Amino acid sequence: MLGLMQEQPLLISSLIEHAAETHADRQVVSRDAAGGIRSFGYRALASRARALAEALIALGVKPGDRVATLAWNDHRHMELYYAVSGIGAVIHTVNPRLFPQQIGFILNHAESCCLFFDPGFTALVTELAPGLTAISHFVEMADEAAVPLPDDPFVRQNYEHLLAGRTGAFAWPPLDDRAASGLCYTSGTTGDPKGVLYAHRSTVLHALSAGGPGGFNVTRDDVVLAVVPLFHVNAWGLPYVCALNGATLVLPGPRLDGASIYELMRSQSCTMAFGVPTVWMGLIDHVKNNPQLRPPDELKLRRVIIGGAAAPAALIDDLQDLLGCDVVLAWGMTELSPLGSIGRVPRKGELADEEARRRRLAKQGRAVFGVTMKIVDADGQALPRDGRAAGRLLVRGPWVTSGYFRHDAPLLDADGFFETGDIATIDPAGDLEITDRMKDVIKSGGEWISSIELEGVASSHPAVAEAAVIAMPHPKWQERPLLIARLREGRSASADDILAHMAPHIAKWWMPDDVVFVDDIPHTATGKIQKTKLRERFAGHQALQSGPN
Ligand code: ADP
């Protein structure tokens with residue numbers, strides 16, 4: 001017997017209409033490249049999104065068409081999120097930090113028909129335009145139309161001109177909620193980038209779960225700073241989560257250095273902030289280098305959410321101590337829309353001591369409702385949830401991908417689980433801890449050494465600003481760890497100092513064979529340590545010692 005409830009599709013347009021009706025007093029705050037701030041109530045933003053939807057239809061955009069963006073976080077990018085998906089087309093956010101060649105590949109692979117871009121990317125778009133086979137409209141996301149140059153290789157239109165004269169009295173069309181709504185390519189650290197195609201239903205379900213108390217816990221009283229870019233897995237769902245819950249959303253534009261982020265947090269009284277570890281490292285450096293700042297008094301921050309890469313314990317400590325807020329780790333990936341699990345902040349007195357508290361905070365926490373996890377050994381056998389057994393992490397759920405866009409290869413195992421490429425433990429309380437990525441773990445003498453754990457211990461040395469551990473080939477042990485460290489400005493430490501600091505915290509056979517110092521640790525377009533580059537750079541490195549002694 002079927003239930004007798006209304007069958008209403010779960011559509012992205014319903015999120016912005018809900019915000020317009022119910023949370024009209026809450027804002028989307030947008031900072032531009034020059035530092036200018038503009039605020040739009042959700043009602044005004046919804047009206048602009050509807051006007052843009054009309055304009056897209058007038059340009060000839062049809063359901064299923066891909067509309068690409070190359071843009072930082074601002075109100076126009078957010079309007080595109082709603083306008084494009086709202087008419088049944090697919091918002092295709094492209095990461096401008098990728099190599100131009102990769103950007104060209106992604107735009108052609110997706111056959112996106114329009115490209116909306118920030119004026120700051122005009123040179124990049126001009127360079128790419130001749131090779132972009134499917135794009136018929138290039139739209140500059142600026143207040144005023146830039147005068148087309150005489151040798152303009154493409155017809156450039158202006159965003160505000162497209163909107164001019166449109167009232168926003170447009171009604172969103174009904175759609176099948178399984179229809180595609182968004183497209184995001186993984187950064188392709190191995191092989192070509194692969195597209196993950198989100199749907200209306202998956203996006204709305206993800207927003208309900210990710211934003212709720214079992215997830216990020218975003219409320220109407222929150223002012224949410226999305227440092228995570230709108231081109232990095234839908235800014236972790238924040239444009240949807242904030243509209244659904246009526247939180248004010250602050251979009252920082254292109255300036256993401258520590259000083260600019262601090263100033264925005266202060267001036268907008270942000271209560272929550274989301275970003276990858278490198279962003280928070282920049283913020284902490286700024287606070288440490290400017291002792292006149294008084295973050296706990298000047299800021300209203302309640303929580304910082306860190307995701308996208310492993311966060312060293314020293315960074316978590318610094319954020320808590322210096323900013324006076326809770327720090328929560330979130331785990332996810334492009335293929336998961338992105339949220340899979342979220343860390344838990346212990347209540348006062350819940351855990352026996354400070355060490356237990358730090359151990360808890362270092363975990364990526366419990367699966368959010370909707371995501372089922374399992375860890376398995378090399379043969380696919382389930383491993384115990386004892387917090388010790390580390391295995392391949394697989395996931396299943398309504399916002400987990402079932403296959404890559406325009407790739408025929410089957411992706412899921414017989415039970416419908418997706419292999420994440422991560423290695424993790426799950427403890428008896430259900431808390432997940434990512435110990436490594438499959439391609440980064442050091443396989444030494446038939447055992448695994450966690451590069452993430454070594455990096456965390458090395459980073460707790462006061463002179464170390466950032467640490468990376470990679471595998472070096474070894475004739476006897478197969479692989480051995482090499483530690484690469486960047487020191488804090490004005491600090492010094494020798495390899496022996498750092499190894500001596502690490503020794504009490506790790507097994508003897510985990511000790512790196514050598515430490516090398518660098519001025520800069522390279523990062524990927526999504527803020528992860530670029531280990532492929534480090535492996536190339538240190539190929540053939542001769543270590544101090546060879547294997548465990
Ligand atoms: P890309 O691979 O394109 O850089 P993703 O953002 O999809 O982008 O990366 C997902 C991966 O990032 C995960 O598989 C995991 O290895 C890593 N990751 C994400 N969040 C965390 C976290 N909190 N701790 C450790 N690693 C994380």
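Analyst: What follows covers the cysteines, then the backbone. This is a predicted model, in which local features need pLDDT of at least 70, side-chain atom pairs count only at pLDDT 80 or more, and totals for chains, interfaces and linings use all residues. Residues are numbered from 1 along each chain as its sequence is written, and side-chain values use heavy atoms, with hydrogens and water left out.

A disulfide is a covalent bond between the sulfur atoms of two cysteines. Here it is taken as a pair of cysteine sulfur atoms within 2.5 Å, and the structure holds zero of them. For Cys113, the nearest cysteine sulfur belongs to Cys114, 3.8 Å away. Cys113 is buried, at 15% relative accessible area; buried means under 20%, exposed over 50%, and partly exposed in between, with a 1.4 Å probe and protein chains only. Cys184 is also buried, at 2%. Its closest cysteine sulfur, in Cys113, is 18 Å from its own, which is too far for a bond.

Now the backbone. Most residues other than glycine have a negative phi, and most peptide bonds are trans. Ser337 and Pro338, however, are joined by a cis peptide bond with omega about 15 degrees. Pro338 sits in the loop between strands S14 (326-332) and S15 (339-342); strands (E, at least two residues) and helices (H or I, at least four) are DSSP runs numbered from the N terminus.

Arg406 has a positive phi, near 60 degrees. This residue is in the loop between strands S18 (391-396) and S19 (418-426), and is partly exposed at 42%. Gln478 has a positive phi near 80 degrees, but lies in strand S24 (residues 478-487). Gln478 is partly exposed, at 47%.
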